[in-house]
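This report is meant for a reader new to the structure. Please look over the sequence and the model before reading on.

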Amino acid sequence: MLSLAAIRKSYDSAPVLHDISFAVDAGETVALLGPSGCGKTTLLRIVAGLERADSGSVRFAGEPIDTVPAHQRGFGMMFQEYALFPHLNVADNIAYGLQTHTMSPADRNARVNEMLALVGLSTYRTRRVYQLSGGERQRVALARTLAPAPRLLMLDEPLAALDRSLRKRLQDELVPILQRVGVTTLYVTHDQEEAFALADRVALLNAGELIQYACPEEVYRRPVSAWVARFQGLKNVLDGELQEVGTVQTAIGWCITIVQEHRAQNADHRAQ
Amino acid sequence: MSVLIYPEAALLLPEGGAGARGMLATINAKQFRGRFYQTELAIGGTKLVFEFDYDPGALGATVNLQLDPQHIVVLPAT
């Protein structure tokens, strides 16, 4: 559905993205995960058409879209700050996203109701934005982004501004919403737990490079490097030396036998 | 290369208990979080963090530590 090939980007000759390539299947949710400054938001903006890559190409549904202006891509983007209009009520905020669509007022109203039901805010249509909690604002912003039925949904740290308990609750609510809508989604986050909970696959970036692209289980169980393990909060990473074929001696004395590549299947614990 | 030992890899036995093998480790710190005791074990000068669904402190301040090989991964050099 979406494919990126050898995307490169620099700002003032400082490289920000190096040869990023991956593909996203239709209906899949992919998390762009990495520490602050790793290039994930820049990558999202390139897909959105808000930035141009220095080289490489972005294709959607088989077509190159590098020269297609952002507003003609049919993609929906939701930002961390939500950018709701304070002078409009909830229903009008959601309807705002439908302004460019040729829709009768009745169809527009039906679509707004559908989106309110989707995010569980059917009784909130006339509420003002300032009357909403952080979580409710987040759901209104999602409804507004989904209202025009975007071909690709892009979420840039949508839960980052919320406190931890609310973030966890909304994270649990987002999964069924995205599944019900079935839209292909790019989800930017620096939070590994959030990425693993929401995404079918994770694109793990560091310093502008794609380090690992795999399902959450694979990233957790088969990290491609010590950095990936540590980024996930796994602290027990020991240096080791290959002693003979299939055996690694660790610095603290454990000798670990490997029976398949990158996978320890047997260990004995000989103290030095 | 590096070796990654997952937090669930540790098997503990009381120091010198029947069938005790492996490395001697000292329980350095522990904290009950969620449903696990997150426990830092010191082995010589190295500290490793493991998770247990029981209080490892009940086994004593020093324990015999073995590792379950199913929870160890060798990472390629980068």
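The sections below cover the basis of the model, then chain B, then the domains of chain A.

## Basis

This is a predicted model, in which local features need pLDDT of at least 70, side-chain atom pairs count only at pLDDT 80 or more, and totals for chains, interfaces and linings use all residues. Residues are numbered from 1 along each chain as its sequence is written, chains are lettered from A and ligands numbered from 1 in the order in which they are written, and side-chain values use heavy atoms, without hydrogens and water.

## Fold of chain B

Chain B has seven strands and zero helices, where strands are DSSP runs of E of at least two residues and helices are runs of H or I of at least four, numbered from the N terminus. The order along the sequence is β-β-β-β-β-β-β. Chain B is as compact as a globular protein of its length, because its radius of gyration of 13 Å is close to the 12 Å that the globule rule gives for 78 residues. That radius is taken over C-alpha atoms, and the rule is 2.2 Å times the number of residues to the power 0.38.

The C-alpha trace of chain B spans about 40 × 30 × 25 Å along its principal axes. Of contacts in chain B (heavy atoms within 4.5 Å) between residues at least 6 apart in sequence, 61% join residues at least 24 apart.

## Domains of chain A

Chain A is divided into domain 1 (2-233) and domain 2 (238-272), with bounds from an automatic or database domain assignment. The C-alpha centres of domain 1 of chain A and domain 2 of chain A lie 41 Å apart.
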